[in-house]
Amino acid sequence: MNASDPEQVFLQEAQDLLEQLEQSLLDLEHAPGDGELIDNVFRALHTIKGSGAMFGFDEVAAFTHHVETAFDLVRKGRVPLTRELIAIALAAKDQMRALIDQHAEASADTSEAILDDLRRCVEAAMAPAEGEPPNGGNVPSPERRDEAAPIAGDPDVAGPNGGAQGWYIRFRLPADAMVTGTNPLLLLDELRTLGQASVTALTDGVPTLEEIDPNFGYLRWEVMLRTDQPRAAIEQVFLFVLDEMELEVEPLSGGVVLAVTDDLAPVLSGSPRPTLPAVEPADTADHPRRLQPTGPQPGPPQPGTAKPGAAHPGPRQPWPRHPGGDTRDGKSADTIRVPAERLDELMDRVGQLVIAQSRLKEIAAASNDAAMKSVTEDIERLSLELRDTTMGVRMLPIGQLFGRFRRLIHDLARDHGKKIELVTVGEETEVDKTVIERLNDPLIHLIRNAVDHGIEDPETRAASGKPPLGRITLSATHIAAGVIISIADDGRGLDRDRIRARAEENGLWAAGARLTDNELFQVIFQPGFSTAREVTSLSGRGVGMDVVKRAIDGLRGSIDIASTAGHGSNITLRLPLTLAIIDGLLVRVGRGRYVIPLSAVEECVELSMEEDARSRGRNFLNIRGDLVPFLRLRELFNASAPPDRYQKVVIVSAGELRVGLVVDQVIGDHQTVIKSLSKLHANIEIFSGATILGDGTVALILDTVHLVEQGQRHEERLQAAG
């Protein structure tokens with residue numbers, strides 16, 4: 001994406017606005033009387049409409065206009081906010097996204113059907129005012145949607161002279177208003193919806209043709225508005241530019257005649273605009289060319305017509321012209337948008353720098369040059385800081401991911417006749433953007449599974465003594481250099497007997513085999529495994545949980561399941577914070593070198609040959625009164641070189657489980673740039689990746705979670721045998 005392309009900027013900002021719109025609509029289901037949420041919805045619709053028209057997305061602007069009109073009626077208290085209206089607005093939001101993403105192929109029939117539903121909903125909810133048509137003239141019927149609205153203030157529709165009450169408005173938009181997507185004609189259209197208006201464009205600030213900057217706004221505007229609306233309604237029209245524009249609003253006195261000037265009426269009505277006369281050639285040295293006016297020139301006021309300034313006595317000084325460029329007092333933006341691929345490229349470059357720094361560190365260690373050692377230490381410190389800063393830039397709050405599932409649960413609950421609320425905890429927990437992107441699909445499958453298999457319908461819950469409203473809780477929390485994500489529900493829980501029966505039926509377990517709960521529950525992640533009695537739109541094909549398992553394994557994570565019959569289930573995902581660079585402990589086993597993630601390391605102890613001999617057959621260490629099982633990596637990796645006299649035991653943990661890893665040598669800490677294993681080695685569970693050392697050789701990264709599980713199984717076998 002070209003960051004300077006205005007259309008691409010609009011597409012990105014529109015996606016953000018649509019997400020905000022969806023969240024506000026979902027919040028309104030629980031708080032339909034929240035005025036701030038209603039204003040948020042209206043502002044999002046207003047911005048999408050205005051920006052869409054500005055950047056050529058006319059279908060988006062036209063469609064959004066009708067939804068915006070409906071919520072304007074809600075804001076004014078003329079239409080109550082109902083669940084039906086919220087459901088239609090959510091469908092309209094989906095159609096806006098379709099129009100924006102593929103505006104050439106989006107279905108016009110879908111737009112028409114949604115607007116028909118919207119019109120019927122508004123008409124049914126709105127009490128007609130006396131002398132007003134049933135739809136209040138605000139949500140046009142299908143046959144009138146493409147007709148131009150009459151101009152407020154047109155002589156044919158203007159009210160009688162005298163006695164008019166309203167406002168005198170004088171404004172100038174920010175210099176860069178057109179560049180940032182603010183169209184003054186749309187603002188004038190909004191003012192006209194408040195009442196009858198007379199609009200005058202003031203051209204005294206327009207420079208010569210040679211001096212005109214096409215990105216610069218030169219016009220000022222005067223509007224005489226006859227309305228019973230308060231000043232706040234006028235300021236609401238300019239809500240998004242109010243802090244940067246110049247605006248005067250004063251009450252009108254009686255006796256003002258409202259009439260649209262001849263110059264501006266064709267523009268506001270959508271009629272063909274007058275053609276500018278050709279500019280006569282002239283000697284530019286002596287007679288600079290100026291734009292020729294196309295309408296009547298200012299002159300003495302005609303009898304019976306008040307001058308535009310009649311309601312605002314006193315001389316009018318031209319407003320100061322804004323210089324081009326930024327109009328925000330030189331304040332820089334707090335945030336900038338950067339394409340994701342640039343962050344990926346930056347992270348890759350930092351990884352290469354870390355590898356080069358490791359090589360420099362080895363060279364300096366073999367040298368007696370004090371200056372080289374000093375520079376090496378500085379480069380190591382700077383590369384560490386750069387690594388941390390770059391990784392921090394890539395970290396995103398997981399709330400961005402959690403927020404996507406509110407709509408999913410809302411729609412699933414509606415479609416299956418269930419009442420479900422989503423509770424999120426720890427939304428501020430930050431995770432690498434790559435992890436967030438790859439978590440979306442597995443979490444969708446887990447949530448769909450909880451809705452289908454876990455949460456009961458309201459009648460069943462009531463019979464079980466539960467509240468009719470089911471609950472799904474998404475939570476996230478940091479642990480060491482990882483994150484734990486939990487998906488819990490208060491439904492019926494996992495059916496152990498049915499899982500066992502289906503596992504035996506599929507030949508996954510022998511009949512009558514003794515299984516722990518963890519072993520039994522892990523069966524649901526087998527390809528093709530399902531306990532559903534029939535195939536539904538949500539489950540029954542045995543695909544979803546297999547997808548979850550493969551995705552979490554691909555993130556070097558693990559899955560734990562806990563379930564209590566009748567009270568619900570809790571699925572816990574343990575994941576690394578990042579997939580790019582980690583701090584590691586470099587160890588040697590035989591002639592090979594390996595990396596243990598430093599976040600999993602608790603301590604290192606020495607294992608003498610005497611203690612090693614005494615522990616044969618037991619493989620336990622007494623660590624301050626606690627028995628910790630250990631694994632001999634030499635045996636696991638079939639190392640042929642003789643062991644060191646004094647071996648080391650690295651104590652690692654995963655959750656509450658601990659295990660010792662016996663190595664020949666602890667070399668030291670190492671910044672580890674993670675590289676994925678090839679497809680041939682992807683199924684070796686005890687390795688999570690590889691890294692390049694300073695001398696160019698490759699070291700494998702140990703997967704401590706699987707090693708701890710292996711050590712725990714070894715301990716259970718010893719206890720069973722003893």
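Colleagues, the model is a predicted one: local features need pLDDT of at least 70, side-chain atom pairs count only at pLDDT 80 or more, and totals for chains, interfaces and linings use all residues. Residues are numbered from 1 along each chain as its sequence is written, and side-chain values use heavy atoms, with hydrogens and water left out.

Let me begin with the interior. In soluble globular proteins, nonpolar side chains tend to be buried together. A nonpolar core here is a set of buried Ala, Val, Leu, Ile, Met, Phe, Trp, Tyr and Cys residues joined through side-chain atoms within 4.5 Å. Buried means under 20% relative accessible area, exposed means over 50%, and partly exposed lies in between, with a 1.4 Å probe and protein chains only. The largest such core holds 47 residues, and those with the most contacts inside it are Leu439, Leu443, Ile485, Leu573 and Leu575. Helix H13, residues 433-454, supplies the largest share of this core, 8 residues. Helices (H or I, at least four residues) and strands (E, at least two) are DSSP runs, numbered from the N terminus. Apart from this core lies another, of 39 residues, including Leu37, Ile38, Leu73 and Ile100.

What does Ile485 touch, not counting residues up to four places away in sequence? Its partners include Leu439, Leu443, Leu573 and Leu575, and also Ile398 and Phe402. Contact means heavy atoms within 4.5 Å.

I turn now to the sheet. Five strands form an open sheet with mixed pairing, in the order S6-S8-S9-S11-S10; two strands pair if DSSP finds at least two bridges between them. Strand S6 (420-425) and strand S10 (558-564) each have a single partner strand, so one side of each is left without a neighbour in the sheet. On average, neighbouring strands are turned by 15° against each other, direction ignored. Strand S9 (residues 482-489) and strand S11 (residues 568-576) run antiparallel and are joined by 8 bridges; Ser486 has Thr572 as its bridge partner in S11. H13 packs on the sheet, touching S6, strand S8 (470-479), S9 and S11, and its direction makes about 170° with that of S11. For that angle, axes are lines fitted to C-alpha atoms, for helices over the stretch in contact, and angles run from 0 to 180 degrees between N-to-C directions.

Next, helix H5, residues 108-125. Its 18 residues should span 26 Å at 1.5 Å a residue, which agrees with the 26 Å between its end C-alpha atoms; the expected span is 1.5 Å times one less than the number of residues. Among its buried residues are Ser111, Asp116 and Arg119. The buried residues of H5 pack against helix H3 (58-75) and helix H4 (83-101).

Finally, some individual residues. His410 is found in helix H12, residues 405-415, and counts as buried because its relative accessibility is 14%. Leaving aside neighbours within four places in sequence, His410 is in contact with Leu26, Glu29 and Leu90.

Where is Arg624 found? Arg624 lies in the loop between strand S15 (620-623) and strand S16 (626-632). Its phi is positive, about 50°, although it is not a glycine, and at 68% relative accessibility Arg624 counts as exposed. Asn638, also not a glycine, has a positive phi near 55°, and at 66% relative accessibility Asn638 counts as exposed.
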